[in-house]
Amino acid sequence: MANEEDDPVVQEIDVYLAKSLAEKLYLFQYPVRPASMTYDDIPHLSAKIKPKQQKVELEMAIDTLNPNYCRSKGEQIALNVDGACADETSTYSSKLMDKQTFCSSQTTSNTSRYAAALYRQGELHLTPLHGILQLRPSFSYLDKADAKHREREAANEAGDSSQDEAEDDVKQITVRFSRPESEQARQRRVQSYEFLQKKHAEEPWVHLHYYGLRDSRSEHERQYLLCPGSSGVENTELVKSPRDKPVAPSNVLSMAQLRTLPLADQIKILMKNVKVMPFANLMSLLGPSIDSVAVLRGIQKVAMLVQGNWVVKSDILYPKDSSSPHSGVPAEVLCRGRDFVMWKFTQSRWVVRKEVATVTKLCAEDVKDFLEHMAVVRINKGWEFILPYDGEFIKKHPDVVQRQHMLWTGIQAKLEKVYNLVKETMPKKPDAQSGPAGLVCGDQRIQVAKTKAQQNHALLERELQRRKEQLRVPAVPPGVRIKEEPVSEEGEEDEEQEAEEEPMDTSPSGLHSKLANGLPLGRAAGTDSFNGHPPQGCASTPVARELKAFVEATFQRQFVLTLSELKRLFNLHLASLPPGHTLFSGISDRMLQDTVLAAGCKQILVPFPPQTAASPDEQKVFALWESGDMSDQHRQVLLEIFSKNYRVRRNMIQSRLTQECGEDLSKQEVDKVLKDCCVSYGGMWYLKGTVQS
């Protein structure tokens, strides 16, 4: 008792059991090194595994410039192993022992008593270990040197033997036939050490990608070491203290925790946080292994289709027995009002808040909440739907579109009954192949837009003349230039944009007379903003600034990224943003690529092989050309090499860098450039993201 009083409890820590990596987590024990050097600082040239045997081989670089490295010994070992002539099969292409292989062995067969622990924010998260592997230096290169030595001795003996015999002596041979093997003999043979060794040798190696400690993929995988139950997702084990746990904000998602949930819950949580999402973005967040048919079934349970995009259902945001935080209105009334806003967006790109408030009889704060979930405000125009029309999804899934159209027809009937609406006339389909009700084909939209431009030609020509006169005024701000061109088809489209600035007619007849596909006619004619691209001169908009900041920060960490990987990182970034953030306004691939190029990056035209399985987005490779550090020139030389080669050996990179940058280029500098931009696979070097397993 006295000892317990002298040693009081200072702090109680909750312990959680994380199971996401329970069958996949291995502990690697490396040989002891100085505390100042970690194995992550050493370039891992290649890695491979035999899964059935749980056998791993890592190939790591040796610092040949270290004062403790004996260069003459390294050259001698390389000479003994590869001989005087170096070729593609050489173990040491630099004619110097500049790498070392580590081979694993199991330390114990029972790892049930061991776990990896991660301490974060006052919580201890434990993940059981599936295996513990000790990595020891492999001396297989000595076996190769002995084999070379024996080959040379055999060649010398053959050269000394007599060559006078015209032909070999005739020898008598005995032919034997093997007896049928009994079952007992076969079992003894299968259990023999020789047979097991042969089977182990026959198992093929599986090449791995090594990601360093600071790589984004490593950071993502480390999230799986956290127990999802710690944030209230599900009940957990090994929790000692019953006190309330701090709950993360509802708009913050951990993708690692999310993917431990059933698919239906993943879709519901994503849609509840993001509110509006294209189907392609949803598939990207869920991962490539998820079946799109299952996602389509799941998304229709929690969201409705609006202009080809999915908007979360109202009863998901306003569950039963809840009420408005602004007015105290019950959830049923809120759902009905929000459904009216969603239905209006199925008819038009634009909605006026006063009209919604007049029809639904809800307070201005509630109506504003509805609109902020799915639209952005435009001065003197109203609220525009937040995402561009997704025609690709409409074309690809006509059965889903038809089913959603039937659901909206039912909702419309209920809204007309509750709010006493006058039934609005929907545009008729010109033919059976033009698309779902309310859609007009692209050629007709362009024709209608041109007709309207010609009707307003006189008015717009006067406006153009006024602009030309302004050019003659000397007080023109610097950097501003107005094009003087005759009015052509392109000019008509510019004039159509000017026509959009007229006051908006909010009457039902006026609304439909000026809309095609629910868009203002000028925008339906094909302006960039409808496709998700900001008009020229909008580089200083909040969306452009936010996107540029994300791109610059990402490339400062990664240096080389494919468009596919950049989109994946961007989707993860979006999932962590609060609802209504400016980046949810719809970022197209073209806008993302233009921002990358504007941020000082260049596209590297890597010559992929004809039989490559890489997608078009995976074949678009971008690299940061200048980061401001001392390695810019080295990276530029490396990127030029990969603009002409899909994969390269290290000795070619070394010689080219030496040729371009001088003889004083150290091995550490080469290793740094390779680690920044490349990955090693099967003894060859590839730009990041371009290697195909």
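These legends describe close-up views of one predicted model. Local features need pLDDT of at least 70, and side-chain atom pairs count only at pLDDT 80 or more, while totals for chains, interfaces and linings use all residues. Residues are numbered from 1 along each chain as its sequence is written, and side-chain values use heavy atoms, with hydrogens and water left out.

**View A. Helix α23, residues 563-575.** Helices are DSSP runs of H or I, at least four residues, numbered from the N terminus. The expected span is 1.5 Å times one less than the number of residues. For the 13 residues of α23 that gives 18 Å, and the end C-alpha atoms are 18 Å apart, which agrees. Its buried residues (under 20% relative accessible area, 1.4 Å probe, protein chains only) include Leu563, Leu566 and Phe570.

**View B. Glu332 and Arg336 in helix α12.** The two form a salt bridge (a side-chain nitrogen of Lys or Arg within 4 Å of a carboxyl oxygen of Asp or Glu). Their closest N and O atoms are 4.0 Å apart. Four residues separate them, about one helical turn. Glu332 is exposed (over 50%) at 60% relative accessibility. Arg336, at 26%, is partly exposed (in between).

**View C. Glu384 with Arg378.** Their side chains meet in a salt bridge, 2.9 Å from N to O. Glu384 is buried at 3% relative accessibility. Arg378 is partly exposed at 37%.

**View D. Arg635 and Asp632 in helix α26.** This salt bridge spans 2.9 Å, N to O. Both residues are buried. Salt bridges that share partners join Asp629, Asp632, Arg635, Lys672 and Asp676 into one network. The structure holds 15 salt bridges.

Notes
Helix = DSSP H or I, 4+ residues; strand = E, 2+ residues; numbered from the N terminus.
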